Amino acid sequence: MLVLHTIADTRIACARIRLAGKTLGLVPTMGALHEGHLSLVRAAQASCDAVAVSIFVNPTQFGPKEDFASYPRTLEEDCRTLEAAGVDVVFAPSVQEMYPSGATTFVEVAGLSDRLDGASRPGHFRGVATVVAKLLNIFTPERAFFGQKDAAQVAVLREMVRDLQFGVQLDVCPIVREPDGLAMSSRNRNLSVEQRRQALALSQALLAVQRKAQSGEHESSKLLAEALEVLAGEAGVQVDYCRMVDPDTLEDIPNVDRGALVAVAARVGTTRLIDNLLL
């Protein structure tokens, strides 16, 4: 497995993969890898000849009061995990490598970037779109793999790929959960034992919505009330948003007759978590 730190070396490695007639799948990550990331790696291996993983904690998607400094960084452990998983290339650049001095160009997907997490974290999706555009430009993969847990991010990136005409297919893989239902996240490492228990309210709220929808309720306000009741029952959970939206536009919808994305974000202690469910 190649572990590379510069864009130039990474482009050379990708060119060699293409010269060998192989297809390339990219899994962009911020490291602190867990089974959710590895499920993306396996999906990439199942459909591509070679797999590259990027590990980069992207500063431009963090606000000034967010957890950039404390975000878990476990590069050596991550590389051991990826090598054991059979990954071909790891790209782990510095901030200076990705954002050289004087860089002033950003990618912004208007409209979508202001919804859900974008409303709570101004500039977040501009940072996400910019770094993913850079990675797609560096690797030029045939396919790139993302998790459904970041549903709003997926909507933003799909729009970016369409608008900028990137020659890449975006593959979205299911959320991977702990046995008790908690969505896997690198930020789960920051939870205490009690906070870990409290965090289960997010997935439990989504399941309550699913049960009510399956029983015949389709009105968004009543379904969301069910979720909010569950979340309110856990004092340690501070809700950021709980919304019923169109999965492509991220706009609120009055009912789920044609399907919906129910998405929730909340703080448990100082840790911000997200989860969602497609109806």
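This is a predicted model: local features need pLDDT of at least 70, side-chain atom pairs count only at pLDDT 80 or more; totals for chains, interfaces and linings use all residues.
The buried residues of H1 are Ile7, Thr10, Ala13, Cys14 and Ile17. Viewed down the axis of H1, these residues fall within an arc of 125°, so they line one face of the helix. Exposed residues Arg16 and Leu19 sit on the face of H1 turned away from the buried side.

H1 covers residues 7-19, and its 13 residues should span 18 Å at 1.5 Å a residue. The end C-alpha atoms are 18 Å apart, which agrees with that expectation. After H1 comes Gly21, with a positive phi near 80°.

## Salt bridges

The whole structure contains 15 salt bridges. One of them joins the side chains of Arg187 and Asp67, at 2.8 Å from N to O. Arg187 is in the loop between strand E6 (169-173) and helix H8 (193-198), while Asp67 is in the loop between E3 and helix H3 (75-85), so the pair ties together parts 120 residues apart in sequence. Arg187 has a relative accessible area of 14%, so it is buried.

Another salt bridge joins the side chains of Arg115 and Glu251, at 3.6 Å from N to O. Arg115 lies in the loop between H4 and helix H5 (117-120), and Glu251 in the loop between strand E7 (237-245) and strand E8 (261-268), so this pair ties together parts 136 residues apart in sequence. Arg115 is partly exposed at 24% relative accessible area, and Glu251 is partly exposed at 41%.

## A network

Salt bridges also link Asp117, Asp240 and Arg272 in a network.

Definitions and conventions: Residues are numbered from 1 along each chain as its sequence is written. Side-chain values use heavy atoms; hydrogens and water are left out. Helices (H or I, at least four residues) and strands (E, at least two) are DSSP runs, numbered from the N terminus. The expected span of a helix is 1.5 Å times one less than its number of residues. Buried means under 20% relative accessible area, exposed over 50%, partly exposed in between (1.4 Å probe, protein chains only). The arc is that of the directions from the helix axis to the C-beta atoms. A salt bridge is a side-chain nitrogen of Lys or Arg within 4 Å of a carboxyl oxygen of Asp or Glu.
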